[in-house]
Amino acid sequence: MRIYDIIYKKRNLQTLSKKEIDFVVFNYNNGEIADYQMSAFLMAVFFAGMTDEETFYLTDAMANSGDIMNLHFPDTPTADKHSTGGVGDGTSLIVAPVAASSGVCVPMMSGRGLGHTGGTLDKLESIPGFRVNADKKEFLGFLEYANMALIGQTREIAPVDKKMYALRDATATVESIPLICASIMSKKIAEGAKTLILDVKTGNGAFMKSYKDAKELAQKMINIGTFFKRNISAVITDMDTPLGNCAGNAIEIKQAVEILKGNLKNDLSELSLELAAMMIFNSQKAPDMKTAAAIAEKQISSGAALEKFRQVIKMQGGNPAVIDDPDGILPKAGNSLKIKASRSGYISYMRTREIGIAAVMTGAGRNKKEDPVDHAAGILIHKKTGDYVKEGEVISELLYNSSANIDEAAFIMSDSCIISDEQTKRPALIKETLS
């Protein structure tokens, strides 16, 4: 068997066998297939696509490039959540402690921000001392002790995905539905959770801009989860408007703490509680979604979710005092710049992707994986789609330490909100649920 023949076959729109796909993944992982050959294979897949069966085989091969975790916790179901990424999407910080305090074991492996989207790991690392790296043994120890963990992908989990994603990022093959599905689901299958909730974003701030593409991605990931005998559901959610009241790292941690304290209710808290309720219901911890939603809300009102977050912060080396005094513990930016409305009217449209790019320019994100992140930087969002603003009123605020790109960030933010005379209804947060 030769990689040349497999590339040729896929380029000519033919279907690959499990043996051929296993050959590609195994030999790329061990270095027998060169980057330039794998790049050609990825581009062939990008243009030719894959059948559902091919995508199952690719997911399986990628998952089996490392260890498959077999999570056994008597009487405790395991569940995870995955989001396709967006601006202000800090749901993991809320969903995980709510679900874990409800009796669901949450083995959550998250990622870093890249491009205009934020990353859970960067947010957590704004907590002094918080450690996101753990090996398999330590990860299992976290789960046994606290019923949840918030870590980065371990070296043992789907290691070929890291190599393949870096190559996709460099060869303009990221936006391929089969490759996205295999990348996400291989890690989730290897991670071992029996229930998985997918949050697939759609809109101008999402990778899947159109509703049609988002639904196709969600359905294909559900098909993969079903094939691997996982209990899986998906929601298609709006990313035409940023989630929550901010985009950054430390400021999103503070926002999550306030939500867990019950002091703040916004679209981020609404979506987080819905996702947590889905995890609780799908894990058979509630007979129906209405009961599951009540359980999720009780974890907030009783303080149980907040204390679970405190326990996990301490367990993973962070300063648990951030729960009581986020302003005193989290890093703060030295400078701020207010963006004001140019006229009176209603915000009718938000360029969400551009808001994410502006956040990166403050220092809160990265363009390349090796770029440093300023955990104190970011954007406070005071007004959103549908809100009325007066001329000169502050609609957002840039927080920064380095002024290197702040003028450009301010220009982007000034142009990010369209103000009209007629009020526009804010887009529905949850557009559809699939299972």
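The largest cavity of this predicted model is lined by 20 residues, of which Thr117, Gly118, Gly248, Ala359 and Ala364 lie nearest its centre. A cavity here is a set of points, on a 1 Å grid over the protein atoms alone, where a 1.4 Å probe fits but cannot get out, and lining residues have an atom within 4 Å of a point. Because the model is predicted, local features need pLDDT of at least 70 and side-chain atom pairs count only at pLDDT 80 or more, while totals for chains, interfaces and linings use all residues. Residues are numbered from 1 along each chain as its sequence is written, and side-chain values use heavy atoms, with hydrogens and water left out.

**Cavities**

- The structure holds two cavities of 30 Å³ or more, where a volume is the space filled by probe spheres set on grid points that are joined across faces, edges and corners.
- The largest cavity has a volume of about 150 Å³, and its lining comprises five nonpolar, 11 polar and four charged residues (Ala, Val, Leu, Ile, Met, Phe, Trp, Tyr, Cys and Pro count as nonpolar, Asp, Glu, Lys and Arg as charged, and the others, Gly among them, as polar).
- H16 gives the most to the lining of the largest cavity, with four residues; helices (H or I, at least four residues) and strands (E, at least two) are DSSP runs, numbered from the N terminus.
- The second largest cavity, with a volume of about 40 Å³, is lined by Met185, Lys188, Ile189, Glu191, Ala193, Leu196 and Arg230.
- Helix H9 (residues 177-191) gives the most to the lining of the second largest cavity, with four residues, and by class that lining has four nonpolar, no polar and three charged residues.

**Second largest pocket**

- A pocket is an open set with protein on both sides within 12 Å along at least five of seven lines, and the second largest pocket has a volume of about 300 Å³.
- Its lining has 17 residues, with Ala250, Ile251, Lys254, Asp327 and Leu380 nearest the centre of the second largest pocket.
- The largest share of that pocket's lining, five residues, comes from H11, and the lining divides into 11 nonpolar, two polar and four charged residues.

**Contact of H5 with H12**

- Thr91, Ile94, Val95, Val98 and Ala99 in H5 meet Leu268, Leu271, Ser272, Leu275, Ala276 and Met279 in H12, contact meaning heavy atoms within 4.5 Å.
- The residues of this contact of H5 with H12 comprise nine nonpolar, two polar and no charged.
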